[in-house]
Amino acid sequence: MKTRNLAALLLASASLAACAAGPDDVAPVAPPAAEAPFIGAQSPEIAANAPDDTWWRLYDDPVLNGLVQDALAANTDVRVAVARIARARANLRGSRSDALPQTALNGTGTYGRVPESQVLPGFERERRTVDGEFAVSYELDLFGRVRRGIEASRADYAAAQEDADAVRVTVVADTVRAYVDATSAAGQLAVARHTVDLLDRSVRITNARFEHGLNQKLDVIRVTQLREQQAAAIPTLLATRDAALFRLATLTGRTPQDLPAQVRERTTTPDVGQPIPVGDGRTLLARRPDVKAAERRLAADTARIGVATADLYPKITLGASVGTTALGDTGVFGAGPLRWLIGPLISWAFPNQEAIRARIGGAKADAQADLATFDGTVLRALEETETALSAYRNALLRKDRLASARDAAERAAKVSLARQRRGQIDALALLDAQRTLAQSDADYALATRDVAFAQVDLFRALGGTWQDRPMVPNPAGEQL
């Protein structure tokens, strides 16, 4: 009879096991307009095809490629993110273990002496006792508490992976930006030094004309002042380049002394030189790690509603144990009689369930906050991308205009120098032309840097994912 009752209980448990408390995870849906083509994509500098995950290779710069690979392998922020993945994986393994039978092996050994008044005739006052027991228990997950816990841990693990990808996107963008900053500063240094060389020539010519009575002393002072002003920009550019190089060293996991010499020697600002592929809104939301991480966190907290809700119902655990107690010098499994125990354990927080309902309310509030976070992350991703597209397009326009202005200033400076030699204009007019050329050169160098910065910002906004993520230690070797 008892056997039939136990079988009926197991059968009923199995039929109920298909149920799980709490809501099922439903992926949030972005607004339809979020998947449309970008407003700023209507430009010849932009391509509609899907972005490349390894976008830095579009620069076709072997030195830059090596720096990015070093950053992905050795950057400290990436290592922290990978460690957090390992922690989330360990938590998932712990949650999965709750679905397995729990076992325990207990053993005790005692040696003692009892009062003479408590000793029965024929027994010794001093005795040894050895006790051993093996116990096993298994929770019947009738209402999905364990399963929802596994779902939550699995979603947390996925979110940790997406967080790590977001860190990689940032680290790669920061590495490319620092490289651009270093090479751009080197390029600006070359421009500044060339300008100083030209002004040195003007100083010599003006001095020669002054000695022949063709210029005033004031003309020499003004040209010398302009030359010193341009020379004063060189230390600032040197400091900017050094700061960028030191930042590159940190990003790639090096000390400043260990940065390769070839990086210090680069003076050409990298440029994609082709239309940048950006895809559309649908592609963006599928690529952005922060959007995917927000969706996974919503899934995790939705599952935790089920974990909290399951506590409203009885928790049934099947348990069994077998053991023996040996007295004296006999072996623990040799002489003492065996004892065993089997049966269910039912625990139920009833009728006062207010604390449980409070936890359910808190879990629902967390899920609502996650949904709002997801919506905000989607909107922010679109904002950042459209802003980056606009900034890139206008940075290119500005560079083109400054290139024309620089060419005109260069022609004007050459004409002014020739006319000044023939005595057709005074030194002040030549000085003004040289000052304009120096400023045009500096503005164009900055515009070239700004275009490269805008490219990096656009690539950062487009996000990215790593299909072949770096390996995370997995001691158990399980498939997650």
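These legends accompany close-up views of a predicted model.

**View 1. The four-stranded sheet.** This open sheet has four strands in the order β2-β3-β5-β6. Their pairing is antiparallel. β2 (102-113) and β6 (338-347) stand at the edges, and each has a single partner strand, so one side of each is left without a neighbour in the sheet. From one strand to the next, the twist averages 20°. Strands of a sheet pair through backbone hydrogen bonds, in a parallel or an antiparallel way.

View 2. β2 pairs with strand β3 (residues 126-140) in the antiparallel sense. The pairing runs over 12 bridges. Within this pair, Asn106 stands opposite Glu133 in β3. β2 is hardly covered. Among its 12 residues, the count of buried ones is zero.

**View 3. The largest pocket.** The volume of this pocket is about 530 Å³. Its lining holds 27 residues. His194, Leu198, Arg406, Leu437 and Asp441 lie nearest the centre. The elements that give two or more residues to the lining are α4 (145-211), α9 (354-421) and α10. Of these, α4 gives the most, with 11 residues. By type, the lining divides into 11 nonpolar, 11 polar and five charged residues.

**View 4. Helix α10, part of the pocket lining.** α10 gives two or more residues to the lining of the largest pocket. This helix covers residues 427-462 and has 36 residues. From its first C-alpha to its last it reaches 52 Å, close to the 52 Å expected at 1.5 Å a residue. Just after α10 comes Gly463, with a positive phi of about 70°. An α-helix has 3.6 residues a turn, so residues three or four places apart point the same way.

**View 5. Helix α5 and the glycine that follows.** α5 spans residues 217-251, with 35 residues. Its reach from first C-alpha to last is 52 Å, close to the expected 51 Å at 1.5 Å a residue. Gly253 follows α5. The phi of Gly253 is positive, near 75°.

Technical notes:
Residues are numbered from 1 along each chain as its sequence is written. This is a predicted model: local features need pLDDT of at least 70, side-chain atom pairs count only at pLDDT 80 or more; totals for chains, interfaces and linings use all residues. Side-chain values use heavy atoms; hydrogens and water are left out. The expected span of a helix is 1.5 Å times one less than its number of residues. On a 1 Å grid over the protein atoms alone, a cavity is a set of points where a 1.4 Å probe fits but cannot get out, and a pocket is an open set with protein on both sides within 12 Å along at least five of seven lines; lining residues have an atom within 4 Å of a point. Grid points are joined across faces, edges and corners, and a volume is the space filled by probe spheres set on the points. Ala, Val, Leu, Ile, Met, Phe, Trp, Tyr, Cys and Pro count as nonpolar, Asp, Glu, Lys and Arg as charged, and the others, Gly among them, as polar. Two strands pair if DSSP finds at least two bridges between them. Axes are lines fitted to C-alpha atoms, for helices over the stretch in contact, and angles run from 0 to 180 degrees between N-to-C directions. Buried means under 20% relative accessible area, exposed over 50%, partly exposed in between (1.4 Å probe, protein chains only).
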